Amino acid sequence: MSEFLRPLDELHLRHSSKWRRFSPDVLPMHVAEMDYEIAPQIKGLLIDFVQRSDLGYLGPIPEVAEAFVGFATRHWNWTPDPKQIRIATDVSVGAVEVMRRLTTPGERVLINSPVYSAFYGWIREVGCEVADVPLVPDLETWRLDIPGIEAAFASGVKFYLFCSPHNPMGRVHDRTELEAIADLALKYGVTVISDEIHAPLTYADQVFTPWLAVSDAARETGIVVTAASKSFNLAGLKASIIITQSATMASRLSVVPPDLHWRSSLLGGFAMAEAFSNCDDWLAQAVAANRAGRDLLTRLMSELLPEVPYWVAQGGYLAWLDVSSLGLGENPANRILEEKRISLVPGVDHGPEYGQYVRINFATSLESIERTVAAIASYR
Ligand SMILES: Cc1ncc(COP(=O)(O)O)c(C=O)c1O
């Protein structure tokens, strides 16, 4: 067991949701946290802040915008405008507060199911309704349905909550798809929030395109919400960013309360700046570990569960399985939890029609991945 990947008995002592939600005999393979040691630079920074009792409110922090601009330039060849980067409490709060100001209660917000479960709650929270244009599966991945998206825009949908890369599919959308959607958004007057929290975890053989790097049409219509929390395993620290890159969108965002900055965490803000400026090596190690987990899962799925459809993630550390052929009843994840003591995310959390799917988190040890696939395969 490497230093980087923490042993299970130590992980069980963690206080986060992943380790507290179920009893200690359950192997948690659900919530999106990684079983890795955080970057030493970030650990050092946090220890330093605590040692100096430097735990007050978050004030000016130009370090975040500088760090993100550097990261985006190095990784995606995109140079955002540092003046259009705002801090928020986390990606959820950033998205909800933007939606609260830019939507009207009762209006429909477009999503593409199966999608991150919290999207449904965010839309409800601001009094809006879900308009779903599901992704369409093929053998390789699940793709955006561009004609379906255009039909939704044409029917009057004015707000699009977009997941890029896509959770739970691990789909890194193609630039051509993004260009087409941006043109449609401009044509139909639709505002797009692109949630790019998983982007730094894209595998090297894929090209992630940030929404605001797509085209003028994307910049005129879009807002990016993102953070270091998912890719650097810092969700408990609470800090994120909201980014625009046009005068139009910057002015529309002027109604979002500047207090969002004040409501973010000092430790979160400085950890995010450190993550985006000095932790590329750690990130490469995390992505390599995720990839090893993904490759093992892919092999085990074809050997032990060949009849269970599974799509290879192009980024991130989540896998989406169609377990309908196993006859596990109404809620397969519950059955696996009760009988095998392994927690997976029920497919239905990602959309009402996905009751026969489960989501697995593979940012963990190879042993835990083996145990999980073997447990599912025991139902064949
Ligand atoms: C697509 C997506 N957005 C947002 C979040 C949550 O972000 P935060 O903890 O910053 O609210 C997650 C967490 O898994 C996610 O997958």
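**Ground rules.** I number residues from 1 along each chain as its sequence is written. Because the model is predicted, local features need pLDDT of at least 70 and side-chain atom pairs count only at pLDDT 80 or more, while totals for chains, interfaces and linings use all residues.

**Entry: the sheet.** I looked up an open sheet of 7 strands, with mixed pairing and the order S2-S10-S9-S8-S7-S3-S4. Strands (E, at least two residues) and helices (H or I, at least four residues) are DSSP runs, numbered from the N terminus. Two strands pair if DSSP finds at least two bridges between them. Strand S2 (85-88) and strand S4 (129-132) are the edge strands, each pairing on one side only. On average, neighbouring strands of this sheet are turned by 25 degrees against each other, direction ignored; the axes are lines fitted to C-alpha atoms, and angles run from 0 to 180 degrees between N-to-C directions.

**Entry: S8 and S9.** I found strand S8 (residues 191-195) running parallel to strand S9 (residues 222-226), joined by 4 bridges. Opposite Val 192 stands Gly 222 in S9.

**Entry: Ser 23.** Is Ser 23 buried or exposed? I noted exposed, because Ser 23 has 7 C-beta neighbours inside 10 Å. Ser 23 lies in the loop between helix H2 (17-20) and strand S1 (27-28).

**Entry: S11.** I counted 4 of the 5 residues of strand S11 (residues 318-322) as buried. S11 pairs with strand S14 (residues 357-361) in the antiparallel sense over 5 bridges, and Leu 321 stands opposite Val 358 in S14.

Methods
Buried ≥ 20, exposed ≤ 12 C-beta atoms within 10 Å, placed from the backbone.
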